[in-house]
Amino acid sequence: MSEKQEETRPVTPLVPGNESAGRPLVELTHVEKHFGDLHVLKDINLKVTKGEVLVVVGPSGSGKSTMCRTINRLETIDSGDIRIDGKPLPQEGKELASLRAEVGMVFQSFNLFANKTILENVTLAPIKVRHMDKKEAERLAMDLLDRVGVASQANKMPSQLSGGQQQRVAIARALAMRPKVMLFDEPTSALDPEMVNEVLDVMVELAHEGMTMICITHEMGFARKAADRIVFMADGQILEQNTPDEFFEHPQTDRAKDFLSKILTH
Ligand SMILES: Nc1ncnc2c1ncn2[C@@H]1O[C@H](COP(=O)(O)OP(=O)(O)OP(=O)(O)O)[C@@H](O)[C@H]1O
Ligand SMILES: [Mg+2]
């Protein structure tokens, strides 16, 4: 069966309304974090404005995933401040759940519910968390599955899909919560090479539609094509932030030069 998108485009906008224009959608101020003796985030200051696409790069162990995970509080922080759309991160309970709903996250492993169909994977959270009517949730889910090119797989189980298809379902599932920002932590690094582009294409389209995105990725082609800004981390610090052109052509620090010389020669 063809997975090509239909001629008539679905109507659901991928990106929620414009109520927060002008102020940072994500703001980290003086964020510090330790794992025991290991100082993993050191005075992290970062502002992401609405519609901005940030690509985070840096050597293994530099704190990229940890930083991302603090943004929806999958990790706590020792000190500092994190705000989503102007609101401080709640500690727990209902408010935390509703904040998490505003921050979509896609990981390296697809994390789909193995015992639920593709459609159920996408409708589950909108029904449970957003209290969406089942029919409406299914309409939204089919619309989003169509957007990412896997609508024809809706009634299959995750194990019947390729890795690239599963990852696109994971993206649709995150989008079904109408998040204000999407976090991607190496979403293509577990995929076979021929499936990388089908996932990156979905991410590029999201970026073009104005989704605010923070992406940890080693896909430098994507970074050059889609990023507004590259953030370079090393040893728990943000060492450089620049446009892709500036960062790739004129890295400022020795750490960044060294990092680039390693990844670009592969
Ligand atoms: N739950 C944890 N407990 C203890 N140490 C941790 C934990 N999670 C991460 N670390 C350590 O914190 C440091 C930063 O890890 P993190 O996963 O954020 O790095 P990363 O930049 O995402 O690396 P990679 O490119 O390999 O994914 C590493 O030294 C890691 O071993
Ligand atoms: Mg990581």
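**Salt bridges and an open sheet**

In this predicted model, Lys-135 has a relative accessibility of 55% and therefore counts as exposed, the threshold for this class being over 50%. The side chain of Lys-135 meets that of Glu-138 in a salt bridge, with a distance of 3.8 Å from N to O. Glu-138, with a relative accessible area of 23%, is partly exposed. Both residues belong to helix H4 (residues 134-147), where a spacing of three residues separates them by about one helical turn.

Side chains of opposite charge can pair when their charged atoms come close, and the structure holds 15 salt bridges. In helix H9 (residues 254-264), Lys-262 and Asp-258 lie four residues apart, which is about one turn of the helix, and they form a salt bridge whose closest N and O atoms are 3.0 Å apart. Lys-262 is partly exposed at 48% relative accessible area, and Asp-258 is likewise partly exposed, at 36%. Elsewhere, a network of salt bridges links Asp-85, Lys-87, Glu-102 and Lys-180.

Four strands make up an open sheet in the order E2-E1-E4-E5, with antiparallel pairing. Strands E2 (38-49) and E5 (87-88) stand at the edges with a single partner strand each, so that one side of each is left without a neighbour in the sheet. Eight antiparallel bridges join E2 to strand E1 (residues 24-35), and His-39 in E2 is the bridge partner of His-34. A salt bridge also connects Lys-47 with Glu-27, the closest N and O atoms being 3.9 Å apart; because Lys-47 lies in strand E2 and Glu-27 in strand E1, this pair ties together parts that are 20 residues apart in sequence. Lys-47 is partly exposed, at 48% relative accessibility.

Notes: Residues are numbered from 1 along each chain as its sequence is written. Chains are lettered from A and ligands numbered from 1 in the order in which they are written. This is a predicted model: local features need pLDDT of at least 70, side-chain atom pairs count only at pLDDT 80 or more; totals for chains, interfaces and linings use all residues. Side-chain values use heavy atoms; hydrogens and water are left out. Two strands pair if DSSP finds at least two bridges between them. Helices (H or I, at least four residues) and strands (E, at least two) are DSSP runs, numbered from the N terminus. A salt bridge is a side-chain nitrogen of Lys or Arg within 4 Å of a carboxyl oxygen of Asp or Glu. Buried means under 20% relative accessible area, exposed over 50%, partly exposed in between (1.4 Å probe, protein chains only).
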